[in-house]
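Q: I have a new model to read, and I would like to learn feature by feature. Could you go through it with me?

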Amino acid sequence: MIGHVARDINTIGGTEYEPRPGGAAYYSTMVYTHLGLRVAVLTKVADPDEPILLQELRAAGVTVFNRPTATTTTFRNIYPQANADARRQRVDARADRLSVADLPPIRARIWQIGPLTDQDIDPAIIAHCAGTGGAVGMDVQGLTRRIVAGEVQPSDPL
């Protein structure tokens, strides 16, 4: 799994909750481990956020390759009431882009790439993973939205 484990801050009906892990890299990895698959995740989470965001993955037996970054991708999800369809979403910070140089020296039968924004992952990673002989899956969520003045807005895929 290649993508940023995000720091999600959820506010529901005016109540802000403690930050928790989020993003495709977190949720997909947890599903795969519950299915009994052996999983590794490549991400960039800042040192102060590592215990909160990566502890559960490691406890589940996931091999975590956390590369250095000054900031963690942080999403602020604002629900005016307990209604998931009424969410407003902001990005308070973005981790450094993942590049081919960040890839660990491993082989995988399946590579899942899960960007949260259009700036998360260098496109060269896709070609590199495809060239290893493993299947490549792409989660397009991050490619269908853009960040404008901190607000998440829909956009056409790149």
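This is a predicted model: local features need pLDDT of at least 70, side-chain atom pairs count only at pLDDT 80 or more; totals for chains, interfaces and linings use all residues.

Q: How many bridges join E6 to strand E7, and do they run parallel or antiparallel?
A: E6 and E7 (residues 88–93) run antiparallel, with 5 bridges joining them. To find one of these on screen, look at Arg 76, whose bridge partner in E7 is Arg 90. Together with the E1 pairing, this gives E6 a parallel partner and an antiparallel one.

Q: Which residues of E5 lie on its covered face, and which on its uncovered one?
A: The general idea is that side chains in a regular strand alternate between the two faces of the sheet. In E5, the covered face has Val 64 and Asn 66, while Thr 63 and Phe 65 are on the uncovered one. E5 also pairs with E4: the two run parallel and share 4 bridges.

Q: Which residues of H1 are buried?
A: Buried means under 20% relative accessible area, exposed means over 50%, and partly exposed is in between, using a 1.4 Å probe and protein chains only. In H1 the buried residues are Ala 24, Ala 25, Tyr 26, Ser 28, Thr 29, Met 30 and Thr 33. An α-helix has 3.6 residues a turn, so residues three or four places apart point the same way. The buried residues of H1 pack against strand E3 (20–22), E4, helix H2 (50–59) and E8. After H1 comes Gly 36, with a positive phi near 90 degrees.

Q: What is the phi of Ala 149?
A: Most residues other than glycine have a negative phi. Ala 149 has a positive phi of about 50 degrees, although it is not a glycine. You will find Ala 149 in the loop between strand E10 (145–148) and strand E11 (151–154), where it counts as exposed because its relative accessibility is 70%.

Q: Where does Thr 72 lie, and is Thr 72 buried or exposed?
A: Thr 72 sits in the loop between strand E5 (63–66) and E6. With a relative accessibility of 2%, Thr 72 counts as buried. Contact means heavy atoms within 4.5 Å. Setting aside residues up to four places away in sequence, Thr 72 touches Val 5, Arg 7, Val 45, Ala 46, Asp 49, Leu 53, Ala 93, Arg 94 and Ala 95.

Q: Arg 7 is on that list. Which residues does Arg 7 itself touch?
A: Arg 7 belongs to strand E1 and is partly exposed, at 24% relative accessible area. Apart from residues up to four places away in sequence, Arg 7 touches Pro 19, Arg 20, Asp 49, Leu 53, Thr 72, Thr 73, Thr 74 and Phe 75. As a contrast in position, Ala 124 is 117 residues from Arg 7 in sequence and 25 Å away in space, C-alpha to C-alpha.

Q: Which residues is Arg 146 in contact with?
A: Arg 146 lies in strand E10 and is partly exposed, with a relative accessible area of 38%. Leaving out neighbours within four places in sequence, Arg 146 contacts Glu 151, Val 152, Gln 153, Pro 154 and Ser 155. Asp 156 is 10 residues from Arg 146 in sequence, and their C-alpha atoms are 8.9 Å apart.

Note on methods:
Residues are numbered from 1 along each chain as its sequence is written. Side-chain values use heavy atoms; hydrogens and water are left out. Two strands pair if DSSP finds at least two bridges between them.
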